[in-house]
Amino acid sequence: MTENHATDLYDAVNNWGPSDDFFLGFVTTIPGARVLDLGCGTGGIPIAAAKAGCAVTGVDPHRPSLEAARAKPGADRVVWIDGNSRAIPASALFDVALMSSNVVQEILDDDELARSLADIAAHLVPGGRLAFDSRDPNARGWEAWTKERTHKMVHLPRGDSQHWYQTTYVNEQAGVVDFCAHEIGPDGIERVESGPLRFRSEDQLRAMLHEAGLAVDDVFGGYHGEPVGRGVGTLTFTAHRP
Ligand SMILES: C[S@@+](CC[C@H](N)C(=O)[O-])C[C@H]1O[C@@H](n2cnc3c(N)ncnc32)[C@H](O)[C@@H]1O
């Protein structure tokens, strides 16, 4: 699979949805906010926020995703940085920071996530706010990642593809779940990509925010203010730098 195709596929499978509305709403409550999007991926939220008048910096270590972001209409309004939280320019200050669509789950190592949160805290102004989401392990979302339940057709520039997810490994104690994303393209060839995710509990994430010097404001179970356990199986955190 070419990198272009992989990022096209990511965008086609992950259409704009309620989580994107939540994160965009979070940053646009402050007119002209300076926004840091850590783990910005293919750039949908940063470009929408820039179009809404925010001054946005998008940071991501996955070069093909950043290339896809840079090629989108409106991308020239965003500052794109290739790297992790260490690549945030030393003097940069932000009113709002995001890690949207479960970026924290792709950061498997606790020390790396702790460092990312500390870097965010260091670059937020006092009162500056952070929002991120992470799937709630209590919701056991991985049990639904089967071909039967996730199979769909996606429309891509080079033709229609079939796409589905399949969980391949679960270690609940370690909070590690591995899964494969399957695609059968218009050429009939099946391609499989796998990638582990960390599932951290609400208490673990609260403790990590506290350690980073960030104060938790809310934890929702979805993207419309639902309590944890009654939403869509997520832990949606908002926090601020005191
Ligand atoms: C599921 S994607 C979400 C992308 C985007 N935030 C969105 O809303 O579509 C997770 C992103 O996290 C990025 N990522 C992984 N490890 C990271 C790290 N240590 N620091 C920042 N981003 C990271 C990946 O490269 C990927 O683009």
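Which side chain makes a polar contact with the side chain of Ser161?

## A serine in strand β7

The partner is Glu183: its side chain and that of Ser161 make a polar contact of 2.5 Å. Keep in mind as you look around that this is a predicted model. You can find Ser161 in strand β7, which covers residues 159–171. Ser161 counts as buried because its relative accessible area is 0%, and buried means under 20%.

Leaving aside neighbours within four places in sequence, Ser161 is in contact with residues including His5, Lys152, Met153, Val154 and Leu156. Glu183, Ile184, Gly185 and Pro186 are also among its contacts.

## A histidine in strand β8

Now turn to His182, which sits in strand β8, residues 176–184. His182 is buried, with a relative accessible area of 14%. Its side chain joins that of Glu190 through a polar contact of 2.7 Å.

Not counting residues up to four places away in sequence, His182 touches Gln162, His163, Trp164 and Gln166, as well as Glu190, Arg191 and Val192.

Setting aside residues up to four places away in sequence, Leu214 touches Leu117, Ala121, Leu124, Leu130 and Leu209, together with Ala239, His240, Arg241 and Pro242.

## Around the ligand

How many residues surround the ligand? There are 15, and the closest are Tyr10, Gly39, Asp60, Ser100 and Ser101. By class, this shell has 6 nonpolar, 6 polar and 3 charged residues.

Let's look at some individual atom pairs. An N or O atom in the side chain of Tyr10 is 2.9 Å from an oxygen atom of the ligand. Gly39 takes part through its backbone, where an N or O atom lies 2.6 Å from a ligand nitrogen atom. For Ser101, a polar side-chain atom is 3.3 Å from an oxygen atom of the ligand. The protein covers 85% of the 590 Å² of accessible area that the ligand has on its own.

## A leucine in helix α2

Leu24 belongs to helix α2, residues 18–28. Is Leu24 buried or exposed? Leu24 counts as buried, since its relative accessibility is 18% and the limit for buried is under 20%. Beyond residues up to four places away in sequence, Leu24 touches Trp16, Ile45, Ala48 and Ala49. Ile184 is 160 residues from Leu24 along the chain, and their C-alpha atoms are separated by 32 Å.

## Two positive phi angles

Finally, take a look at the backbone in two loops. Asn102, in the loop between β4 and α5, has a positive phi of about 65° although it is not a glycine. Asn102 is buried, at 11% relative accessible area.

Arg140 is in the loop between β5 and α7 (147–150). The phi of Arg140 is near 50°, again a positive value in a residue other than glycine. With 30% relative accessibility, Arg140 counts as partly exposed.

Notes. Residues are numbered from 1 along each chain as its sequence is written. This is a predicted model: local features need pLDDT of at least 70, side-chain atom pairs count only at pLDDT 80 or more; totals for chains, interfaces and linings use all residues. Side-chain values use heavy atoms; hydrogens and water are left out. Contact means heavy atoms within 4.5 Å. A residue is near a molecule or strand if one of its heavy atoms lies within 4 Å of it. A polar contact is a pair of N or O atoms within 3.5 Å; within protein, one must be able to donate a hydrogen and the other to accept it, and residues adjacent in sequence count only if both atoms are side-chain atoms. Accessible areas come from the Shrake-Rupley method with a 1.4 Å probe; for residues, only the protein chains shown count as cover. Ala, Val, Leu, Ile, Met, Phe, Trp, Tyr, Cys and Pro count as nonpolar, Asp, Glu, Lys and Arg as charged, and the others, Gly among them, as polar. Helices (H or I, at least four residues) and strands (E, at least two) are DSSP runs, numbered from the N terminus. Buried means under 20% relative accessible area, exposed over 50%, partly exposed in between (1.4 Å probe, protein chains only).
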